[in-house]
Amino acid sequence: MAELRRLCVYAGGDWVDVVRLYEMPCGGMLRYVVRHNEEEGLWVFDGVEEALGFIAREFVDVDAPLRVGECP
């Protein structure tokens, strides 16, 4: 079974606490799983930039670019 690694998403200097991003090995590649704390469903992406773009469009209303960093 593949182990998920939790990544934290930041907008500017603030942690986006309503979204979870997980890195998952899959078939020799890495996939990125997005889960919103208040919505049903999971979204899976081939790259972290694609996942961050989805999070920015769907869940976060900020002008600052999103980035992945250490979890608080």
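Among the elements of the protein, mean pLDDT is lowest in strand 2 (residues 14–15), at 89, and highest in strand 5, at 96. The model is predicted, and the average pLDDT over the protein is 90. A score of at least 70 is reached by 97% of the residues.

The largest nonpolar core comprises 16 residues. Those with the most contacts inside this core are Val9, Leu21, Val34, Ile55, Val60 and Leu66. Two or more residues each are contributed by strand 1, strand 3, strand 4 and helix 1. Helix 1 provides the largest share, with four residues. In soluble globular proteins, nonpolar side chains tend to be buried together.

One disulfide is present in the structure. The bond joins cysteine 8 to cysteine 71, with an S to S distance of 2.1 Å. The torsion about this S-S bond is about 110°, and the disulfide is therefore right-handed. Distant parts of the chain are linked by the pair, since cysteine 8 belongs to strand 1 (residues 5–11) and cysteine 71 to the segment after strand 6 (66–69), 63 residues apart. Cysteine 8 has a relative accessible area of 1% and is buried, whereas cysteine 71, at 31%, is partly exposed. Cysteine 26 is also partly exposed, with a relative accessible area of 33%.

Two salt bridges were counted. In one of them, glutamate 23 pairs with arginine 5, and the closest N and O atoms are 3.5 Å apart. Glutamate 23 counts as buried because its relative accessibility of 14% falls under the 20% limit. Arginine 5 is partly exposed, with a relative accessible area of 48%. A salt bridge is also formed by aspartate 46 and arginine 31, whose closest N and O atoms are 3.0 Å apart. Aspartate 46 is located in the loop between strand 5 (43–45) and helix 1 (48–58), and arginine 31 in strand 4 (residues 29–36), so the pair connects parts 15 residues apart in sequence.

The count of aromatic pairs came to four. The ring centres of tryptophan 43 and phenylalanine 54 lie 5.4 Å apart, and the planes stand at 40°, so this pair is tilted. Tryptophan 43 is in strand 5 and phenylalanine 54 in helix 1; the pair therefore ties together parts that are 11 residues apart in sequence. Tryptophan 43 is partly exposed, with a relative accessible area of 24%, whereas phenylalanine 54, at 10% relative accessibility, counts as buried. Ring pairs join Trp43 and Phe54 with Phe45 and Phe59 in a cluster.

Key
Residues numbered from 1 in each chain as written. Predicted model: local features only at pLDDT ≥ 70, side-chain atom pairs only at ≥ 80, totals over all residues. Heavy atoms only, no water. Disulfide = S-S within 2.5 Å. Buried < 20%, exposed > 50% of the residue type's maximum accessible area, 1.4 Å probe, protein only. Salt bridge = Lys/Arg side-chain N within 4 Å of Asp/Glu carboxyl O. Core = buried A, V, L, I, M, F, W, Y, C linked by side-chain atoms within 4.5 Å. pLDDT = per-residue confidence, 0-100. Phe/Tyr/Trp six-rings, centres within 6.5 Å; stacked < 30°, edge-to-face > 60°.
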